[in-house]
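Hi,

Here is the structure I promised to send over. Have a look at it first, and my notes on what turned up follow below.

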Amino acid sequence: MSLEEERISELRATAHPLRLQMLSLLTGAELSAAEVARELGVTQANASYHLRLLHAAGLLEVAGEETVRGGKAKKYRHPWDAPRPSGARPASEADKLAYARVLADAIPRRFAERTPGERSQFTDAELWVAPEVWERVFDLVTEASTLLHASAQPPRTEGTVRAALSVAAFRLQGGEVTS
């Protein structure tokens, strides 16, 4: 069975550090496998494999084709704000946990690549708050994520800065207190 025929969950597809980087890269740009490979410092074959897997999971769309030395090269983009594809398999708890682990592993790598002296924001919270506070925080985190994704530009675009935002926000079990 080919990657195109195999349907895997979106979260399972992103549960790999390179694929997570590719999705970020392709949020603001339409790039071929060769361009992705150059930007991320991997082989074209490796980039192509992971791009096909992300496409098969419904996380990338083909944005066009270009002719390269007599052949055709697909350009991919991440339609981050598109509705979930019909027929997409829902993420299992194991898929969600795998994604959380990859996300957590990405933070130290990204932090090591930060601009020295620039401001950083760290928050770690496992707190009890009123439901309306939790809803507001969740909405603000969603708004920040949406703003960042909607503003994404191709790599090294003049007048841009490279930035990272990693957020995991979820309600914990055992938080219901009735009066």
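Which residues have the most contacts inside the largest nonpolar core? They are Met22, Leu26, Val36, Leu51, Leu54 and Leu60, in a core of 19 residues. (A nonpolar core here is a set of buried Ala, Val, Leu, Ile, Met, Phe, Trp, Tyr and Cys residues joined through side-chain atoms within 4.5 Å; buried is under 20% relative accessible area, exposed over 50%, partly exposed in between, with a 1.4 Å probe and protein chains only.) At least two residues of this core come from each of α2 (17-25), α3 (33-40) and α4 (44-56). Helices (H or I, at least four residues) and strands (E, at least two) are DSSP runs, numbered from the N terminus. Another core, of five residues, lies apart from it, with Ala15, Leu20, Ala98 and Val102 among them.

Before going on, please keep in mind that this is a predicted model, where local features need pLDDT of at least 70 and side-chain atom pairs count only at pLDDT 80 or more, while totals for chains, interfaces and linings use all residues. Residues are numbered from 1 along each chain as its sequence is written, and side-chain values use heavy atoms, with hydrogens and water left out.

In α2, the buried residues are Leu18, Arg19, Leu20, Met22, Leu23 and Leu25. Their cover includes α1 (10-14), β1, α3, α4 and α5 (93-112).

Thr27 sits in the loop between α2 and β1 (31-32). Is Thr27 buried or exposed? Thr27 is buried, because its relative accessible area is 14%. Its side chain reaches the backbone oxygen of Leu23 at 2.7 Å. Neighbours within four places in sequence aside, Thr27 touches His78, Trp80, His149 and Ala152.

The lining of the second largest pocket has five nonpolar, five polar and eight charged residues. (Ala, Val, Leu, Ile, Met, Phe, Trp, Tyr, Cys and Pro count as nonpolar, Asp, Glu, Lys and Arg as charged, and the others, Gly among them, as polar.) β3 gives the most to that lining, with five residues.

Finally, Ala163 is in the segment after α6 (131-150). Ala163 counts as exposed because its relative accessible area is 58%. Ala163 and Arg110 are 53 residues apart in sequence, yet 9.1 Å apart in space, C-alpha to C-alpha.

Cheers

How values were computed: A polar contact is a pair of N or O atoms within 3.5 Å; within protein, one must be able to donate a hydrogen and the other to accept it, and residues adjacent in sequence count only if both atoms are side-chain atoms. Contact means heavy atoms within 4.5 Å.
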